[in-house]
Amino acid sequence: MKPIKTCSMYLIRKHAQCLQKLCVLIFIGTNGETYFNTGALVSCVQNFPKSRGPIVGILKGFAGLSGAILTQVYAMFNFPDQASLVFMVAVGPSIVITAVMFLVRPVGGHKQVRPSDHSSFLFIYSICVILAAYLLAVLLLQDLSSLNENVVIFLTIILLILIVLPIIIPLFLVFFSEPRPVLEESLLPEPEKQGSSRMGSFVLSLSEVEDERSSEEDTLPPSERQKRIAHLQAKLYQAAAEGAVRVKRRKGPRRGENFTLLQALVKADFWLIFLSLVLASGSGLTVIDNLGQISQSLGYSNTHIFVSMISIWNFLGRVAGGYFSENIVKYYAYPRPVAMAAVQVVMAFALFFYAMGWPGSIYVVSVLIGLGYGAHWAIVPAAVSELFGLKSFGALYNFLTLASPAGSLIFSGVIASGIYDYQAKQQHEHRIQGSVLGPGVPLLKDDFLTCYGSICYSLTMGIMSGLCIIAFILSMIVVHRTKRVYAQLYGKPLA
C-alpha cells in the first residue's frame with residue numbers, strides 16, 4: 001500500500017505544478033491580448049477622431065472573429081499533434097504582431113480627414129459582411145460534411161484573401177490617388193476651444209447672465225453660436241471685473257474634454273454607462289458562455305453550430321453598431337448611447353422570447369444576442385472617448401471591460417447555474433419517483449447536473465430580460481444628460 005500512496009502523492013504534486021504553470025500562462029496570454037487590443041484601438045481612434053464608431057466596430061469585430069479565423073488557418077496545416085498546434089498558436093500571431101507593431105501608432109497627420117474616408121470605410125464594411133457570410137458558410141459546411149485536406153486548403157486560401165483585401169485602400173491612396181488638400185480635423189470648433197482656454201481654470205456664474213443663453217443656442221449655425229458665446233463671455237468678464245459675479249476654481253474638466261480615470265470615476269455619466277454595460281453585456285456574455293448547454297437542454301446534438309453562429313453575429317453586431325451609431329451622431333448630432341439603448345431593447349426581446357418558450361427560440365437568441373452583445377463593444381468605447389476624451393482612453397476603456405466579466409460572474413455563476421442545478425435536481429427526483437425503483441432511491445454523484453427542456457433557462461432568461469430593460473433606462477438617462485454635449489461636439493445636424 002505504501003508504494004501506491006507514494007505514487008498517488010507524486011501524481012498530485014505533478015498535477016498541481018502543471019496547474020500552476022497553466023494559470024501563469026493564461027495570465028500572461030490574456031494580459032498580452034489586452035495590451036495589443038488597447039494599443040491598436042487607442043492608436044486608431046486617435047488617427048480617425050471623427051470616425052470613432054466605424055474604427056471601434058471594425059477593430060472589435062475582427063478581434064471577436066479572430067478565434068474562428070485562426071481555427072480555420074490552423075486546420076489547413078493539419079498538425080500531427082497538439083504540441084505542434086500550441087507552438088503555432090504561440091509563434092504565429094507573435095510574428096505578425098512583431099512585424100506590424102511599428103506601423104500601429106498615432107501618425108503625424110492624425111487630425112486630418114480625407115474626402116475618401118467615407119468610401120474607404122464602406123469598402124471595409126463590404127469586406128466584413130462578405131467575410132462573415134463566407135466564414136459562416138465554411139463552418140456549417142465543415143460541421144455537416146467531411147471535407148478532404150485539399151478542399152480545406154482551398155477554402156482557407158480564399159479566407160486569407162478576404163482578410164488582406166482591405167490593404168488595397170492604403171496602397172491605392174499612396175500610389176494611385178492624386179494628392180488632395182486634407183481638411184484639418186478637430187472635434188470641437190476652434191473658437192469654442194479658444195474661448196475655453198481663455199476661461200482658464202475658472203467658472204463664472206451669474207444667474208441673470210446665464211438665463212440669457214437660450215436652449216436653442218446649440219442648434220444654431222456654428223458662426224452664429226460662436227458670436228453668442230463670445231458675447232456672453234464678454235459680459236461675464238465685465239461682470240467679474242465689476243465684482244458682480246463670484247469666481248470659483250473649476251474642479252476638473254467638463255464632458256467632452258480630456259479626463260483621467262480618477263476624474264471619470266467621480267462622474268455620474270461614467271457610472272451610468274458602466275452599470276448599463278454590466279447589466280446588458282453581462283447578460284449577453286452569460287448566454288454566450290452557456291449557449292452549448294442551452295442548446296443541449298433543448299435536444300440539439302450539434303451544439304457547436306450555435307456557438308459558431310453567435311460568434312459570427314457577434315462580429316456583425318460590432319461592425320453594425322459602429323456604423324449606425326456613427327450615423328446617429330454625424331447626421332443628427334444625437335447622443336451615441338441612444339444606439340446602446342436600442343440594442344438593449346432588442347436583447348430584452350430575445351431573452352423574453354426564450355423565456356416564453358416559443359418555437360425557434362434558440363435561433364432568435366443566437367442571432368439577436370450575438371448582434372446586441374457585439375454592438376455594445378462598438379458603441380460604448382466610442383461614446384466614452386467622446387464624453388471623456390482621448391488622453392486616458394486606454395485606461396477608461398479597460399476599466400469598462402470589467403463590466404462583462406463582472407455581470408457574467410453574477411448572472412452565470414450565481415443565477416443561471418443555481419436555477420439550472422435546481423431544475424435538474426427536480427427532474428432527477430421526478431424520474432426516480434416515476435421509475436420502478438420507487439421513491440427513496442438516493443441521488444448518485446453528479447446525477448442532477450443534466451437538465452432537459454426550455455425550463456432549464458427560461459427563468460434565467462426572464463430575469464436577464466428585465467435587467468436589460470433596466471440597462472435601457474440607464475442608457476436613456478445618459479442620453480438625456482448628454483444631449484447638449486453632443487450638440488456642441490457635432491454642431492447642427494447634417495441635412
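This is a predicted model: local features need pLDDT of at least 70, side-chain atom pairs count only at pLDDT 80 or more; totals for chains, interfaces and linings use all residues.
Biologist: Where is Ala 333 found?

Modeller: Ala 333 sits in the loop between α13 (303-332) and α14 (337-355).

Biologist: Is Ala 333 buried or exposed?

Modeller: Ala 333 has a relative accessible area of 9%, so it is buried. The cut-off for buried is under 20%.

Biologist: Back to α15. How do I check the length of a helix?

Modeller: Compare the expected span with the distance between the end C-alpha atoms. The 28 residues of α15 should span 40 Å at 1.5 Å a residue. The end C-alpha atoms of α15 are 39 Å apart, which agrees.

Biologist: How many residues of α15 are buried?

Modeller: In α15, 24 of the 28 residues are buried, so the helix is largely enclosed by the rest of the structure.

Biologist: How do I describe two packed helices?

Modeller: Two packed helices are described by the angle between their axes and the distance between the axes. Take helix α15 (residues 361-388) and helix α19 (residues 483-490). They pack at an angle of about 80 degrees, and their axes are 11 Å apart. The two helices, α15 and α19, are therefore roughly perpendicular to each other.

Biologist: Which residues make the contact between α15 and α19?

Modeller: From α15 come Ala 383, Glu 386 and Leu 387. From α19 come Val 485, Tyr 486, Leu 489 and Tyr 490. By type, the contact of α15 with α19 has 6 nonpolar residues, 1 charged and no polar.

Biologist: I notice the spacing of those positions. What is the general idea?

Modeller: An α-helix has 3.6 residues a turn, so residues three or four places apart point the same way.

Biologist: Now rings. How many aromatic pairs are there?

Modeller: The count is 20 aromatic pairs. One of them is Trp 271 with Phe 399, an edge-to-face pair. Their centres are 5.9 Å apart, with 85 degrees between the planes. For edge-to-face, the planes must be over 60 degrees apart.

Biologist: Where do the two partners lie in the chain?

Modeller: Trp 271 is in helix α11 (residues 268-289), and Phe 399 is in helix α16 (residues 393-400). They are 128 residues apart, so the pair links distant parts of the chain.

Biologist: Which residues form a cluster through ring pairs?

Modeller: Ring pairs link Phe 259, Phe 270, Trp 271, Phe 274, Phe 388 and Phe 399 into a cluster.

Biologist: One last residue. With which residues is Ser 458 in contact, leaving aside its neighbours within four places in sequence?

Modeller: Ser 458 is in contact with Tyr 354 and Ala 355. Ser 458 lies in helix α18 (residues 455-481). At 13% relative accessibility, Ser 458 counts as buried.

Notes
Residues are numbered from 1 along each chain as its sequence is written. Side-chain values use heavy atoms; hydrogens and water are left out. Rings of Phe, Tyr and Trp (its six-membered ring) pair if their centres lie within 6.5 Å; planes under 30 degrees apart count as stacked, over 60 as edge-to-face and the rest as tilted. Helices (H or I, at least four residues) and strands (E, at least two) are DSSP runs, numbered from the N terminus. Axes are lines fitted to C-alpha atoms, for helices over the stretch in contact, and angles run from 0 to 180 degrees between N-to-C directions. Angles under 35 degrees count as roughly parallel, over 145 as roughly antiparallel, 65 to 115 as roughly perpendicular and the rest as oblique. Contact means heavy atoms within 4.5 Å. Ala, Val, Leu, Ile, Met, Phe, Trp, Tyr, Cys and Pro count as nonpolar, Asp, Glu, Lys and Arg as charged, and the others, Gly among them, as polar. Buried means under 20% relative accessible area, exposed over 50%, partly exposed in between (1.4 Å probe, protein chains only). The expected span of a helix is 1.5 Å times one less than its number of residues.
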